[in-house]
Amino acid sequence: VAILTDSVAGNKVGVVDPCLLPECAIVDPALTDSLPPDVTAATGMDALVHAVEAFIARVVTPLGRALALEAARRIGRSLTLACREPGNTAARDGMAVGSHLAGMAFANSSCCAVHALALPLGGRFHIPHGVITGCLAGEMMRYNAPACAEPLAEFSAALGWGPLEPQSFGSRLDELAESIGLRALLRRTTVPAAVVPAMAHDAAVVQHYRLVPG
């Protein structure tokens with residue numbers, strides 16, 4: 001997947017094609033050792049959202065489910081540590097592999113509404129992508145809860161949080177986003193109410209595109 005910014009429309013657009021699939025991927029956690037805390041938090045939380053959305057998507061395959069759960073296990077025990085202790089190499093290793101597995105998970109499934117909402121918001125206001133997805137994830141999981149209670153409980157357990165009730169799972173995501181500083185980063189940007197309807201329309205278009213083969 002490649003994500004490009006359409007500077008004219010003020011949106012982000014995804015490009016998905018088999019030609020983008022590498023024959024080999026080298027995952028070197030040492031390359032993340034010098035990441036600033038804000039980038040560590042945003043990219044790490046986005047990886048978690050990749051995994052949970054892949055896990056609950058209607059098009060998920062058994063392979064995608066297995067990859068998402070293993071990603072959750074690694075991210076759940078590594079994300080907060082990597083943010084609080086930048087020199088913790090075990091946490092960096094866990095996040096590198098967890099992020100890689102989460103990417104493989106949504107390649108065998110799909111992202112969902114969190115990412116659909118994030119693309120127009122990020123395209124217009126240049127907010128780091130993981131800040132948006134991390135801050136929207138809790139609310140979207142509460143919205144999805146009536147249809148996803150069982151998978152969300154399973155995913156929560158894989159994160160090491162226990163089989164939380166769906167509403168509690170969303171709240172736990174909010175608490176995580178707050179604790180690693182993502183909400184403070186989002187508060188730096190003011191989004192005028194007047195642009196919300198257009199962004200909502202663009203998000204709906206993105207979501208339809210993700211679900212309907214083209």
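The questions and answers below walk through a predicted model, from its overall fold to its core, its aromatic rings and its cysteines.

In this predicted model, local features need pLDDT of at least 70 and side-chain atom pairs count only at pLDDT 80 or more, while totals for chains, interfaces and linings use all residues. Residues are numbered from 1 along each chain as its sequence is written, and side-chain values use heavy atoms, with hydrogens and water left out.

Q: What pattern does the protein follow when read along the sequence?
A: Helices (H or I, at least four residues) and strands (E, at least two) are DSSP runs, numbered from the N terminus. The protein has 9 helices and 2 strands. Read along the sequence, the pattern is β-β-α-α-α-α-α-α-α-α-α.

Q: How many bridges join strand 1 to strand 2?
A: Two strands pair if DSSP finds at least two bridges between them. Strand 1 covers residues 2-6 and strand 2 covers residues 11-15, and the two run antiparallel, with A2 standing opposite V15 in strand 2. In this hairpin, which has 4 residues between the strands, G10 takes a positive phi near 70°. The number of bridges joining the strands is 5.

Q: How many residues has the largest nonpolar core?
A: A nonpolar core is a set of buried Ala, Val, Leu, Ile, Met, Phe, Trp, Tyr and Cys residues joined through side-chain atoms within 4.5 Å, where buried means under 20% relative accessible area, exposed over 50% and partly exposed in between (1.4 Å probe, protein chains only). Among the residues with the most contacts inside the largest core are M45, L79 and F155. The elements that give two or more residues to this core include helix 1 (37-56), helix 6 (129-159) and helix 7 (166-179).

Q: Which residues form one aromatic cluster?
A: Rings of Phe, Tyr and Trp (its six-membered ring) pair if their centres lie within 6.5 Å; planes under 30 degrees apart count as stacked, over 60 as edge-to-face and the rest as tilted. F55 and F155 form a tilted pair, 5.8 Å centre to centre with 40° between the planes, and this pair links helix 1 to helix 6 across 100 residues. F155 and F169 form an edge-to-face pair, 6.3 Å centre to centre with 80° between the planes. The residues of the one aromatic cluster are F55, F155, W161 and F169.

Q: How many disulfides does a search of the whole structure find?
A: A disulfide is a pair of cysteine sulfur atoms within 2.5 Å. The sulfur of C112 is 7.0 Å from the closest cysteine sulfur, in C111, which is too far for a bond. The search of the whole structure finds a total of 0.

Q: Is H126 buried or exposed?
A: H126 is found in the loop between helix 5 and helix 6. Because its relative accessible area is 63%, H126 counts as exposed.
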